[in-house]
Structure formats: C-alpha cells, structure tokens
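Please open the model in your viewer and keep the selection tool at hand. The stops below are meant to be taken in order, one selection at a time.

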Amino acid sequence: MAGGRRGPVRVGAGLGALLCALHVQAACRVTTVTQELLKEGFHRDLLVKVELGEDAGGCAVAAQVRLPPGIYVDPYELATLQQHNLTKAVLFPDAIDLEAPEYLAKAVVLLLFLELEARCSRCFRGAVPVHARYHRPAWATHQALVALQSPEVLLCCCHGQLSAECWEPAELDTPCSPDTNSSCQWHTTKHRPAYEESMLRVPVGLREHNSLVCALTLLTTGLCSGLILAAACKYGHFSQ
C-alpha cells in the first residue's frame with residue numbers, strides 16, 4: 001500500500017513545481033535583446049538595443065558581448081570615444097593585439113554600458129565600433145563567417161532591490177559605471193530570452209590563387225628593386 005501511494009504523490013509534487021515555475025516566469029516579464037552590425041566591410045558599428053520587462057529604477061544597464069577571435073574593439077579608439085562621451089564600455093582583457101590575424105587572436109569580452117532612450121522608460125541602447133580581423137585564405141569561397149552571440153543583459157543596482165525570482169547575481173567584478181572605481185553587484189535575468197546569433201561575413205582570399213599571388217609578388221618586388229637600383233646608379237652621388 002505504501003509503495004502504491006508514492007506515484008500520485010510524486011506526480012502531484014512535480015505538477016506543483018511546474019505550476020510554481022510557470023507562475024514565476026509569468027511574473028518576470030520578458031527582456032528583449034537585439035543587435036545589429038551596421039556599415040559594410042572590415043570596419044563596422046555594433047548596435048545593441050534592450051527593452052526590459054520592467055523599469056530599471058535607476059539601475060545601470062549593460063550588455064555583455066563575447067567577441068570571437070575574428071572581431072575586436074580597438075582600445076585606443078574606445079578611449080578616444082569615451083573621452084568625448086560618445087560611448088561607454090570596458091574590455092576584458094584590456095590589452096589587445098590589433099595586428100594579429102583571426103587564427104592567432106583570442107576572444108574578448110566587451111561590457112557595453114547602455115543609455116536610456118528618451119521616449120521609452122524601459123528601452124536602452126548603445127553602440128561601439130568593431131573591426132574584423134584578417135582570416136586565412138579559403139577554398140572555393142570569398143567569405144569567412146564569424147558568429148557573434150547575442151549579448152547578455154546585466155543590471156547593477158547600488159541603491160535598489162531586484163526581484164530574486166527574476167534576477168540572480170552575475171560573476172562580474174567591475175564598477176557600475178566607467179566613471180567610478182567603486183564596485184557593485186551586477187545581476188543577470190534568470191529567464192533569458194531566445195538569443196539569435198549575428199553573422200559577420202569577412203572577405204578572404206582564395207587558396208587557388210596562392211601560386212599566382214606569390215609569382216606576381218616576386219615579379220613586382222624584383223622589378224621595383226631593379227628600378228630603384230638603376231635610379232641610384234644614374235642619379236646618385238657616390239664619394240670616391
């Protein structure tokens with residue numbers, strides 16, 4: 001008899017937990033995140049838009065973007081933009097090799113601080129210049145695809161309270177603003193929306209053209225070297 005009663009009890013407990021989870025998820029309004037890569041070519045602008053399910057209540061809002069090795073942010077350009085209050089962001093790590101190709105570079109994390117939009121109390125946006133790295137030549141294609149994951153929305157409330165049902169502490173140790181050094185706890189939403197990847201198409205060379213490129217490079221180098229040497233012999237003044 002005791003063994004026969006366990007099934008209904010377990011079903012009832014599971015159903016109760018499911019209903020509780022659905023109630024919590026319904027209470028936590030969905031946060032939407034969109035990102036766009038503006039312009040064309042190697043030099044683009046990354047635009048991030050966030051619409052919170054509730055008012056931020058004075059909290060700082062940021063988007064954490066994981067940049068793959070094929071994309072980078074120039075820290076010197078970023079510093080100049082921040083001096084003119086055109087954008088606010090933090091890079092992890094802050095030391096980046098700007099000349100490294102994609103296959104020698106490392107992924108970085110960008111924390112982009114978002115600004116409140118004028119006509120919407122729950123809408124935030126931010127933009128930052130990003131640059132594509134050079135890739136290896138490919139076979140039978142002129143493009144390499146770089147997948148950019150959707151950003152993670154973060155809130156930092158030094159003077160307010162967030163619902164424990166909807167938000168949880170994030171593993172991020174950085175101030176709530178690049179203008180201050182005081183640390184504060186960041187939070188991320190528990191019920192994350194369905195994220196979509198953005199694809200960046202980077203022009204690459206063709207491996208089939210390796211021999212042709214090498215031959216033309218050697219021919220051009222030899223020709224230019226010969227012209228320089230001939231000009232130096234004809235017009236140069238050599239001491240005897």
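What follows is a short tour of this predicted model, going from a strand to a core, then to charged pairs and a surface patch.

Begin by selecting strand 6, residues 108–113, which is mostly covered, since six of its six residues are buried. If you show the side chains, you will find Val108, Leu110 and Leu112 pointing one way from the strand, while Val109, Leu111 and Phe113 point the other way.

Now keep Leu110 selected and display its surroundings. Leaving aside residues up to four places away in sequence, Leu110 touches Ala63, Gln64, Val65, Leu67, Val73, Ala89, Val90, Leu91 and Val128. Leu110 is also one of the residues with the most contacts inside the largest nonpolar core, which has 38 residues; Leu46, Leu52 and Val61 are among the others. Another core, of ten residues, lies apart from it and includes Ala62, Leu154, Ala170 and Cys184. As a general matter, nonpolar side chains in soluble globular proteins tend to be buried together.

In one of them, the side chains of Lys39 and Asp45 meet at 3.3 Å, N to O, and Lys39 counts as exposed because its relative accessibility is 53%, with exposed meaning over 50%.

The side chains of Glu51 and Arg122 meet in a salt bridge at 3.5 Å, N to O. Glu51 lies in strand 2 (residues 43–51) and Arg122 in the loop between strand 7 (115–116) and strand 8 (123–132), so this pair ties together parts that are 71 residues apart in sequence. Glu51 counts as partly exposed, at 32% relative accessibility, and Arg122 is partly exposed as well, with a relative accessible area of 26%.

For the last stop, select Leu212, Leu216 and Leu219, which make a nonpolar surface patch of about 310 Å². Leu216 is found in helix 3, residues 210–235, and counts as partly exposed at 46% relative accessibility.

Terms used:
Residues are numbered from 1 along each chain as its sequence is written. This is a predicted model: local features need pLDDT of at least 70, side-chain atom pairs count only at pLDDT 80 or more; totals for chains, interfaces and linings use all residues. Side-chain values use heavy atoms; hydrogens and water are left out. Patches are made of residues with over 30% relative accessible area and no salt bridge: like charges are joined within 9 Å, nonpolar side chains (Val, Leu, Ile, Met, Phe, Trp, Tyr) within 5 Å. Accessible areas come from the Shrake-Rupley method with a 1.4 Å probe; for residues, only the protein chains shown count as cover. A salt bridge is a side-chain nitrogen of Lys or Arg within 4 Å of a carboxyl oxygen of Asp or Glu. Helices (H or I, at least four residues) and strands (E, at least two) are DSSP runs, numbered from the N terminus. Buried means under 20% relative accessible area, exposed over 50%, partly exposed in between (1.4 Å probe, protein chains only). A nonpolar core is a set of buried Ala, Val, Leu, Ile, Met, Phe, Trp, Tyr and Cys residues joined through side-chain atoms within 4.5 Å. Contact means heavy atoms within 4.5 Å.
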